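Here is a brisk report on one protein chain. It goes from the overall fold to the strands and then to a loop.

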Amino acid sequence: MNIGAGVPTVPVTDLKDGDFLLDVREDDEWQAGHAEGALHIPISEFVARYGELTEAAPQDGRVHVICRSGGRSAQVTMYLVQQGIDAVNVDGGMQHWNATGRPVVTDDGKPGFVL
């Protein structure tokens, strides 16, 4: 499924343990709950912190971009694709992540929720 024109998109159910996940939600959303192991760079800081992504992302791997519902992550996905990075938008975002029973945690590892 594609959101908008040409945004590569995958459903949450296609993600496997160990897939690289970039969460672009804002700090309050992240603190409420996120996927364990995800890299957090808020969309509002993304361009300034782009180097953090390029350092952390797997060299020849795919970047799965997620937000709350898929809109902000679609924007970041298109930016990354334009930079030559293999990136895909996670369809439905953290709302679908949570709905499919995937764990949502806080920074201290306790159960979290999607804000």
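## Fold and dimensions

Read from the N terminus, the elements of the protein chain follow the order β-β-α-β-α-β-α-β-α. Helices (H or I, at least four residues) and strands (E, at least two) are DSSP runs, numbered from the N terminus. The radius of gyration is 13 Å, close to the 13 Å that the globule rule gives for 115 residues, so the chain is as compact as a globular protein of that length. That radius is taken over C-alpha atoms, and the rule is 2.2 Å times the number of residues to the power 0.38. The C-alpha trace spans about 35 × 30 × 25 Å along its principal axes.

This is a predicted model: local features need pLDDT of at least 70, side-chain atom pairs count only at pLDDT 80 or more, and totals for chains, interfaces and linings use all residues. Residues are numbered from 1 along each chain as its sequence is written, and side-chain values use heavy atoms, with hydrogens and water left out.

## Burial, contacts and charge

Of the 115 residues, 43% count as buried. Buried means under 20% relative accessible area, exposed over 50%, and partly exposed in between (1.4 Å probe, protein chains only). Contacts are heavy atoms within 4.5 Å. Among contacts with a separation of 6 or more, 62% come from residues 24 or more positions apart.

The accessible surface comes to about 6,000 Å², and carbon and sulfur atoms hold 49% of that area. Areas come from the Shrake-Rupley method with a 1.4 Å probe. The chain carries 8 positive and 17 negative side chains, and the centres of the two sets lie 5 Å apart. Lys and Arg count as positive, Asp and Glu as negative; His and the chain ends are not counted. Each charge is placed at NZ of Lys, CZ of Arg, CG of Asp or CD of Glu.

## Strand β4

In a regular strand the side chains alternate between the two faces of the sheet. Strand β4 (residues 63-66) is covered on both faces. V63 and V65 are buried on one side, H64 and I66 on the other.

Which strands pair with β4? Strand β2 (residues 20-23) runs parallel to β4, joined by 4 bridges. Strand β5 (residues 87-91) also runs parallel to β4, with 3 bridges. Pairing requires at least two DSSP bridges between two strands. H64 stands opposite L21, and its bridge partner in β5 is V88.

## The loop at S44

S44 sits in the loop between β3 (39-40) and α2 (50-56). Its relative accessibility is 55%, so S44 counts as exposed. S44 and R72 are 28 residues apart in sequence and 10.0 Å apart in space, C-alpha to C-alpha.
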